[in-house]
Amino acid sequence: MSIRHGLLALLSRGPRYGYQLRVEFEASTGATWPLNIGQVYTTLSRLERDGLVAPCGADEQGRAVYTITEAGRTELERWFSTPVAQDDRPRDELAIKIAMAVAGGDVDVAEVILTQRMATMRALQELTQAKRAATGGLAQRLVLDSLIFKAEAEQRWLDHCEAVSKEKKNA
């Protein structure tokens, strides 16, 4: 997720200070994408530099408060109206690992797949437990659902990799 756009979305609800943005970002994503406070303030500085947010004073405790600008609202609308392209996502390290294992010839592909399958199953169990325990509302549930669906898809893909590598081995 774009931290930049996530912070803009939170600021579109009203002025906030850095720590507040961090807490709300993590609550909205079910704490699946933790942010450190330095990351928040670095992003706020860049957003301010780009004219997308502006400082609007300090709260009663002296914390710098930021607000979204018109340019920030326009950028946020653009982001929400633009689909995320497949090639905009980071490289899939697991796909690369399996491909290299298969291409390498001297790697036990079945063992690589089994190791990943066990890790993915553990992650799926943890995500399912987190979903049951979630109290963060719809946004948190949707993030957890997305992660669960991705883990389930990864399990299906690992089944496919295993079947294809067995076919190749037996051919």
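Q155 is buried, with a relative accessibility of 10%. Buried means under 20% relative accessible area, exposed means over 50%, and partly exposed lies in between (1.4 Å probe, protein chains only). This is a predicted model, in which local features need pLDDT of at least 70, side-chain atom pairs count only at pLDDT 80 or more, and totals for chains, interfaces and linings use all residues. Residues are numbered from 1 along each chain as its sequence is written, and side-chain values use heavy atoms, with hydrogens and water left out.

Q155 sits in helix α7, residues 138–170. Helices (H or I, at least four residues) and strands (E, at least two) are DSSP runs, numbered from the N terminus. The buried residues of α7 are Q140, V143, L144, D145, I148, A151, Q155, L158 and C161. An α-helix has 3.6 residues a turn, so residues three or four places apart point the same way. The expected span is 1.5 Å times one less than the number of residues.

Leaving aside residues up to four places away in sequence, Q155 touches R117, T120 and M121. Contact means heavy atoms within 4.5 Å. The Q155 side chain also reaches the backbone oxygen of R117 at 3.5 Å. A polar contact is a pair of N or O atoms within 3.5 Å; within protein, one must be able to donate a hydrogen and the other to accept it, and residues adjacent in sequence count only if both atoms are side-chain atoms.

R117 and T120 are buried in α6, along with V109, I113, L124 and L127. Helix α6 covers residues 109–133. Its 25 residues reach 36 Å from first C-alpha to last, close to the 36 Å expected at 1.5 Å a residue. D108 caps the N-terminal end of α6. A side-chain oxygen of D108 lies 3.3 Å from the backbone nitrogen of A110.

## A covered helix: α1

Helix α1 is mostly covered, with eight of its nine residues buried. They are I3, H5, G6, L7, L8, A9, L10 and L11. The cover includes β1 (16–17), α2 (18–28), α3, β2 (53–58), β3 (64–68) and α4.

T43 lies in α3, residues 37–49. T43 counts as buried, at 12% relative accessibility. Apart from residues up to four places away in sequence, T43 touches I3, R4 and L7.

## Where α1 crosses α4

The axes of α1 (residues 3–11) and α4 (residues 70–81) come within 10 Å and cross at roughly 120 degrees. Axes are lines fitted to C-alpha atoms, for helices over the stretch in contact, and angles run from 0 to 180 degrees between N-to-C directions. H5, L8 and A9 in α1 meet G72, E75, L76, R78, W79 and F80 in α4. These contact residues divide into five nonpolar, two polar and two charged. Ala, Val, Leu, Ile, Met, Phe, Trp, Tyr, Cys and Pro count as nonpolar, Asp, Glu, Lys and Arg as charged, and the others, Gly among them, as polar.

## Exposed positions and distances

E77 is in α4. E77 counts as exposed, at 57% relative accessibility. E77 and I113 are 36 residues apart along the chain, and their C-alpha atoms are separated by 41 Å.

I96 lies in α5, residues 93–104. I96 is partly exposed, with a relative accessible area of 41%. I96 and R73 are 23 residues apart in sequence and 38 Å apart in space, C-alpha to C-alpha.
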